[in-house]
Amino acid sequence: MTAPKAPLPSDSPSSKDFIRDIVEDDLRSGKHAGVVTRFPPEPNGYLHIGHAKSICLNFGIAQEFGGRCHLRFDDTNPVKEEVEYVDSIQEDVRWLGFDWGDHLYYASDYFGQLHDWALQLIRDRKAYVCELSAEEMRLHRGTLTEPGKPSPWRERSVEENLDLFARMRAGEFPEGSKVLRAKIDMAHSNMNLRDPVLYRILHQSHHRTGDQWCIYPTYDFAHGQSDALEHITHSLCTLEFEVHRPLYEWFLANLPVPSRPRQIEFSRLSLTYTVMSKRKLLQLVKENHVEGWDDPRMPTISGYRRRGYTPESIRNFCSQIGITKFKGLTDVGVLEHCIREHLNAIAPRAMAVLDPLKVIIENYPEGQVEEMEIANHPSHPEAGTRNLPFCRELYIEREDFMEDPPKEFYRLGPGREVRLRGAYFLKCHSVIKGDSGKVVELRCTYDPETRGGNNPPDGRKVKATMHWVSARHAVPAEVRLYDRLFKVESPEAGDDDFLSLLNPDSLKILSDCQLEPALARAMPGDRFQFERLGYFSVDPKLSRPGSPVFNRTVSLKDSWAKVKGQ
RNA sequence: UGCCUUAUGGUGUAACGGUAGCACAACAGAUUCUGAAUCUGUUUGUCAAGGUUCGAAUCCUUGUAAGGCAACCA
C-alpha cells in the first residue's frame, strides 16, 4: 500500500510580520545587501515545537529574501551541553526541511577571538577581574529599585588585571573564586549593565574544545560578537532577551567587530496542555514520566515525528500562528488542525477495529470468501483500490453497537440496519452475552442485493456506514492512543508542581486490535487514516517486521462525541 | 516604591491616519458509502478615559491589566 500522489498543500505563504517588515526596509534602504540570520540553540536538550517557530522564522526569512541562515550551537556552558543534543538538533532541523549548507558554527569556534577581545577590554580599562563571591556580588548589585555598589576590585590596574586574567586562564584558581567583569555602570536601571560577568572559571571539559579552556565566556559576552563575526544582519531571539539588548549593543560598540547585527525580539510559543521549558521536559525524561525525548506525547520535534506528524504540517502551523511581541497562549487545536488537514490529503485509508466485537452473518455461506474492492482515498481516485476479504465472521467496533440505543445514535442495534463500508448492508437480529452480561457476539444477516455497499433496488436507506474487518483474515496488532500530557490548559501557569498536573490517561495501549491484512506489511513511519477513527502511523521503535505497532497521530473530528457528551 | 515591553471576537493574528479582515474554535444548514472531508451561512472584538485630526485600532497624555529583568544559565 503506498501513499497516493496527492498534491501536497504547499506551505501557505508566510504572512507578513513586523520582523519581515524590518528586513524588507533594511534591504530596500540599502542598509544591507542581503539578509543573514541564524538559529542558535544551546545543545542542552532536544528541540521542541517552540524551537520550530524560531527555525521557521530564521530559515524562512533567509529563503524568502534570498539570504542564508546559519546553524550555530551556543555552547558556552560545558556543564550542561552534550554531543547527543548536537546530533539530535541537526537531525530535527533537517527533518523540518531546512538546510544550513556550509554554515554550521559553534560559539566555541570563537573562544580564541573572544578571549582576545576580553584582553582588549581590560587594556581599555573597560573590564576587571573581580574576586567577590557570587553571594557578595549579588549583594553589591543592588535591587530593582536601588543602585548597586562598586566592587572593591573595580579599580585595579591594567597590569594586575592582565596578570590575574592570564592566571585564571592558566588554571591557577578554583571555580567561583574570580570572574572577569565589564566596567559599565553599577547604578544603571537595567541590571544587565551593572558590571556583567564576561568570563567565569569552569574546570570542566567541553564537548568540542576538550580541556583547552578552563574559563568560559558568558552568553552575553559571546552571542552578539558571534553574530558580528558571522555577519548576521538580523539576530532574532525571544522576548526575555529584550533587557539584554543594551548590553548586546555595548559590546558591539566597544569592540572592533567586523559587522553590526541588530537584535530583534519576538514572543516565544506557548501551547495549551503542554509545557515548553527545557528544564521541565528534561525532568519528564529523567524521571521517566515519559519514555524519552521522542515519546509521542512530548512537544519535541522528535516526539511529533515519532507520533506521525509531517514536517509540512509543523511548518504550516508555524506560519499560521504568526510572529508578534504579544505573549499569548496558542490553542493546541490549531496544531491538530494542521496535521489533520495534511494527513487528510495524503494518508491512504485503511480498516482497523480497535475494540473488536464479533459478528456472525447467519445467512452468509459458511465457506465463502469474497474480495471487496475499496478505494484507497475517497477524493483521489488515482490512489487506486485494494481488495478486502469478506466472510461470515467479522469484527466491528464495540462502540458502534448499542443494545438500547437513543434516537440520536444511528449505528447498529437490535433490529437495526447499517452499511458495512464497501461491503453489504447488515441487520442485527440477536445479541449473545457472556456470563457477566457483556455482549460477546452479534447475530446478523446481510442483504446480497447491496454488494459493494450499494443501496438496494427497493430504495432502502441506512443512516450509518461502519468499518469492519474479516475475523478470519484480520491481523492482530497493538495500537497506542495518546491524549494530552497535562490535564490543565496552562500547566506552567500556577505555583502547582507541574508533575501533579500530568494526565494519568495520556497513554492508552490497546493490545487486541484487529487490522485489515495488508497492514501487516506496513513499514515504520507509514501513515494511514483508519476510517472513522483517526490518523495512525507505524511506530519506528516498537514495530517488528510483520507486526507493526501503530501510534494514533490525531483523532478524526468527532461530532458524535459532542452529541454523546451532552 | 525602578526600568523595559505588550494590550484587536473564546483563541491566535491582519489592517502602517481612510469600509475592523483572516485562521482555529463554536453554532446552523446543504451534502456525504467515514457522525470525517467538502460547501454555505451565523454569532462574538479595537483595555479605559481624555486629547490631536475632516477622519484614530493606528498618533499624544494619563490610567488599568499582563509579562520580562536583581545566575559566575541561555
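Modeller: Ala477 counts as buried because its relative accessibility is 8%; buried means under 20% relative accessible area, exposed over 50% and partly exposed in between, with a 1.4 Å probe and protein chains only. This is a predicted model, in which local features need pLDDT of at least 70, side-chain atom pairs count only at pLDDT 80 or more, and totals for chains, interfaces and linings use all residues. Residues are numbered from 1 along each chain as its sequence is written, chains are lettered from A and ligands numbered from 1 in the order in which they are written, and side-chain values use heavy atoms, with hydrogens and water left out.

Ala477 belongs to strand β21 (residues 475-482); helices (H or I, at least four residues) and strands (E, at least two) are DSSP runs, numbered from the N terminus. Leaving aside residues up to four places away in sequence, Ala477 touches Leu510, Ser511, Asp512, Cys513, Leu515 and Pro548, where contact means heavy atoms within 4.5 Å. From Ala477 to Leu519 the C-alpha separation is 9.4 Å, across 42 residues of sequence.

Turning to the rings, the structure holds 23 aromatic pairs. Rings of Phe, Tyr and Trp (its six-membered ring) pair if their centres lie within 6.5 Å; planes under 30 degrees apart count as stacked, over 60 as edge-to-face and the rest as tilted. Phe111 and Trp213 are edge-to-face, because their ring centres are 6.2 Å apart and their planes stand at 80°. This pair links distant parts of the chain, 102 residues apart: Phe111 is in helix α4 (residues 111-123), and Trp213 is in the loop between β6 (197-201) and β7 (215-217). Phe111 is buried at a relative accessible area of 2%, and Trp213 is buried at 6%. Elsewhere, ring pairs join Phe165, Tyr199, Phe221, Trp250 and Phe251 into a cluster.

As for the helices, α2 (residues 49-64) and α11 (residues 311-321) pack at about 75°, with their axes 9 Å apart. Axes are lines fitted to C-alpha atoms, for helices over the stretch in contact, and angles run from 0 to 180 degrees between N-to-C directions. The two helices α2 and α11 are therefore roughly perpendicular, a class that covers 65 to 115 degrees, with under 35 roughly parallel, over 145 roughly antiparallel and the rest oblique. Ile49, Ala52, Lys53 and Cys56 of α2 meet Ile314, Arg315, Phe317, Cys318 and Ile321 of α11.
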